[in-house]
Amino acid sequence: MMGLIAFLLVGLIAGWLAGKVIKGGGMGLIGNMVVGVVGAYIGGFLFGLLGLQSTGGMIGSIIVATVGAIVLLWFVGMLKKK
């Protein structure tokens, strides 16, 4: 149970940070959480492709998830422009 709460907390923080970087604002509690959780999977995949892994505990997880969430928001933004 604590692992799930930590995962959701990382997702919430990462989604909020990515929203600040890409859009200049957050997307609400649930929106930030969804973007951050999906971003965590994308970030983990991308870091794995580069041969990198997060060993920084919670901070490292937030960084990986934020990078993934930024990529996700950028990609969605590119799709919306077309």
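## Gly19 and helix α1

Gly19 sits in helix α1, which covers residues 2-22; helices here are DSSP runs of H or I with at least four residues, numbered from the N terminus. The model is a predicted one, in which local features need pLDDT of at least 70 and side-chain atom pairs count only at pLDDT 80 or more, while totals for chains, interfaces and linings use all residues. Residues are numbered from 1 along each chain as its sequence is written, and side-chain values use heavy atoms, with hydrogens and water left out.

With a relative accessible area of 0%, Gly19 is buried (buried means under 20% relative accessible area, exposed over 50%, and partly exposed in between, with a 1.4 Å probe and protein chains only). Val37 is 18 residues from Gly19 in sequence, and their C-alpha atoms are 13 Å apart in space.

Leu17 is also found in helix α1. Leu17 has 30% relative accessibility and therefore counts as partly exposed. Leaving aside residues up to four places away in sequence, Leu17 touches Ile62 and Thr66, where contact means heavy atoms within 4.5 Å.

Helix α3 spans residues 57-81 and includes Thr66. Thr66 is buried, because its relative accessible area is 11%. The side chain of Thr66 reaches the backbone oxygen of Ile62 at 2.6 Å. That pair falls under the term polar contact, a pair of N or O atoms within 3.5 Å; within protein, one atom must be able to donate a hydrogen and the other to accept it, and residues adjacent in sequence count only if both atoms are side-chain atoms. Not counting residues up to four places away in sequence, Thr66 touches Ala14, Leu17 and Ala18.

Leu72 also has its place in helix α3. Its relative accessible area is 18%, so Leu72 is buried. With residues up to four places away in sequence set aside, the contacts of Leu72 are Val35, Val38 and Ile42. Leu72 and Ala14 are 58 residues apart in sequence, and the C-alpha to C-alpha distance is 12 Å.

## Val38 in helix α2

Val38, one of the residues touched by Leu72, is found in helix α2. Val38 is partly exposed, because its relative accessibility is 36%. Between the C-alpha atoms of Val38 and Ala65 the separation is 8.1 Å, although the two are 27 residues apart along the chain.

## Nonpolar surface patch

Val21, Ile22, Trp74, Phe75, Met78 and Leu79 form a nonpolar patch on the surface, with about 600 Å² of accessible area together. The elements giving two or more residues to this patch are α1 and α3, and α3 supplies the largest share, 4 residues. Patches are made of residues with over 30% relative accessible area and no salt bridge; like charges are joined within 9 Å, and nonpolar side chains (Val, Leu, Ile, Met, Phe, Trp, Tyr) within 5 Å. A salt bridge is a side-chain nitrogen of Lys or Arg within 4 Å of a carboxyl oxygen of Asp or Glu. Accessible areas come from the Shrake-Rupley method with a 1.4 Å probe, and for residues only the protein chains shown count as cover.

Ile22, a member of the patch, is found in helix α1. Ile22 counts as partly exposed, because its relative accessibility is 35%.

## Confidence

The chain averages a pLDDT of 88, and 93% of the residues score at least 70; pLDDT is the predictor's confidence in each residue, from 0 to 100. Where pLDDT is low, the predicted coordinates should not be read in detail.
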